[in-house]
Amino acid sequence: MGGIESVSDKQVSCIGCGVFIQTEEPQKLGYAPESALLKEEVICQRCFRLKNYNEIQDVSLTDDDFLKILHGIGQSKGLIVKIVDIFDFNGSWLQGIQRFVGSNPVLLIGNKSDILPKSVKQQKLINWMKREAKELGLKPIDVCLVSSQRGHGIKEAAELIDEYRNGQDVYVVGCTNVGKSTFINRMIKEVANVQELITTSHYPGTTLDLIEIPLEDGTALYDTPGIINHHQMAHFVDKLDLKLLSPKKELKPKVFQLNESQTLYFGGIARFDYVSGGRESFVCYIPNEITIHRTKLENADALYEKHVGDLLTPPRKDAIDSFPKLIPHTFTINEGKTDIVFSGLGWVTVNNPGVKIVAYAPKGVNVTMRKSLI
């Protein structure tokens, strides 16, 4: 049985998140009531509440804890499977992945491919991912696309993993929220017909330690803790608004014809000022649940002051006080078909060069420019 590893008579791992079970302190990591130990598969209270009630409990692990685990992988031999969220490619990229993986080969998997409009050709997307990965310093052994939620591409991914691992262990790595555990659960179901082993949720940081899933040939597949990328929007919105930022349905692009000095608000969590460049059309790729409001640049500040938390939401009224200030980022577009990307929220495609934009996001959230994805 994968995931459970007895260290002594007493020490058992949670099958959901891999952390050692303790029965003494309900407030601490790995707590489960004594009665849970009698079950064949032991699950900690945190995972139990997550699985059954979709409730999250905060984790006391630091970034350093996560990084130590990743460094350990670099010392081992095996295939690294790096999962990125195709909807938030740059925001879900693990910086300095080279340092962690050593000389191990990396298979790059783009998850949530079902979120992108159907008109996007898969091969074009794969080529785009290869080019972006190369610019970010990674030369993957191969690239493939999946939808863990829908099960698309999972069989093909499993075949690629088998082909490239050369009989060695497999380590699945990625940021929080890229759908890593869902991917593994799907793959286990496809390949081994086992029901869900790993706790999954749309909350950052669910897997707390290496979870070992034994493979038939004596090697293992390891699910690793998600690294927290602090510049993603998910870390700045209230827990109740997180669902709005995790689209489950295909994105419906929204096109806006803007004159100079017009502003778009994405709820109250981001802002897009069109400063100069003549009348232009812009395509917004953001979750369907987030409402876009257009206003004149001269009225934009007053609109925000007055309506953040009601007309401009998220953030919700009761979360405004803890929501960071929106910080401007200025871009001059020198070539056509460029995306302005709000990490963890989506992007706006600018079609023509010679355009000046000021994009606002919460202090700490990355806003970047890239060659257009679509």
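Two residues are in contact when heavy atoms of theirs lie within 4.5 Å. Keep that in mind as we walk through this structure, which is a predicted model.

Let's start with Val355, which you'll find in strand β15, residues 355-362. Set aside its neighbours within four places in sequence, and Val355 is in contact with Tyr274, Ser276, Glu280, Phe282, Phe331, Thr332, Ile333 and Val350. Is Val355 buried or exposed? Its relative accessible area is 1%, and since buried means under 20%, Val355 counts as buried. Now look for Val275: it sits 80 residues away from Val355 along the chain, yet the C-alpha atoms of the two are separated by 7.7 Å.

Next, hop over to strand β9, which covers residues 270-276 and holds Asp273. Asp273 has a relative accessible area of 3%, so it is buried too. What does its side chain do in there? The side chain of Asp273 makes a polar contact with the side chain of Arg271, at 2.9 Å. If you again skip the neighbours within four places in sequence, the contacts of Asp273 are Gln262, Thr263, Leu297, Lys356, Ile357, Val358 and Tyr360.

Strand β9 also turns up when we look at helix α8, residues 297-307. The buried residues of this helix are Ala300, Leu303 and Tyr304. Look down the axis of α8 and you'll see these buried residues fall within an arc of 100°, so they line one face of the helix. What do they pack against? The partners are β8 (262-266), β9, β11 (292-296) and β12 (326-333). Just after the helix comes Gly309, with a positive phi of about 100°.

After α5 comes Asn166, whose phi is positive, near 50°.

Now for some backbone details in the loops. Between α8 and β12 there is a loop that contains Pro314 and Pro315. A cis peptide bond joins Thr313 and Pro314, with omega about -5°, and the bond from Pro314 to Pro315 is cis as well, with omega near 0°.

Two other loop residues have a positive phi without being glycine. One is Ser261, with phi near 65°, in the loop between β7 (254-258) and β8. At 37% relative accessibility, Ser261 counts as partly exposed. The other is Lys337, with phi near 55°, in the loop between β12 and β13 (338-342). Lys337 is partly exposed as well, at 46% relative accessibility.

How many cavities of 30 Å³ or more does the structure hold? There is 1, and the largest cavity has a volume of about 150 Å³. Its lining is made of 14 residues, and those nearest its centre are Asp85, Asp88, Asn177, Leu245 and Gly344. Sorted by class, the lining has 6 nonpolar, 5 polar and 3 charged residues.

Technical notes. Residues numbered from 1 in each chain as written. Predicted model: local features only at pLDDT ≥ 70, side-chain atom pairs only at ≥ 80, totals over all residues. Heavy atoms only, no water. Helix = DSSP H or I, 4+ residues; strand = E, 2+ residues; numbered from the N terminus. Buried < 20%, exposed > 50% of the residue type's maximum accessible area, 1.4 Å probe, protein only. Polar contact = N/O pair within 3.5 Å; in protein donor to acceptor, adjacent residues only side chain to side chain. 1 Å grid on protein atoms, 1.4 Å probe; cavity = no way out; pocket = protein on both sides within 12 Å on 5 of 7 lines; lining within 4 Å. Points joined across faces, edges and corners; volume = space filled by probe spheres on them. Nonpolar A, V, L, I, M, F, W, Y, C, P; charged D, E, K, R; others polar. Arc of directions from axis to C-beta.
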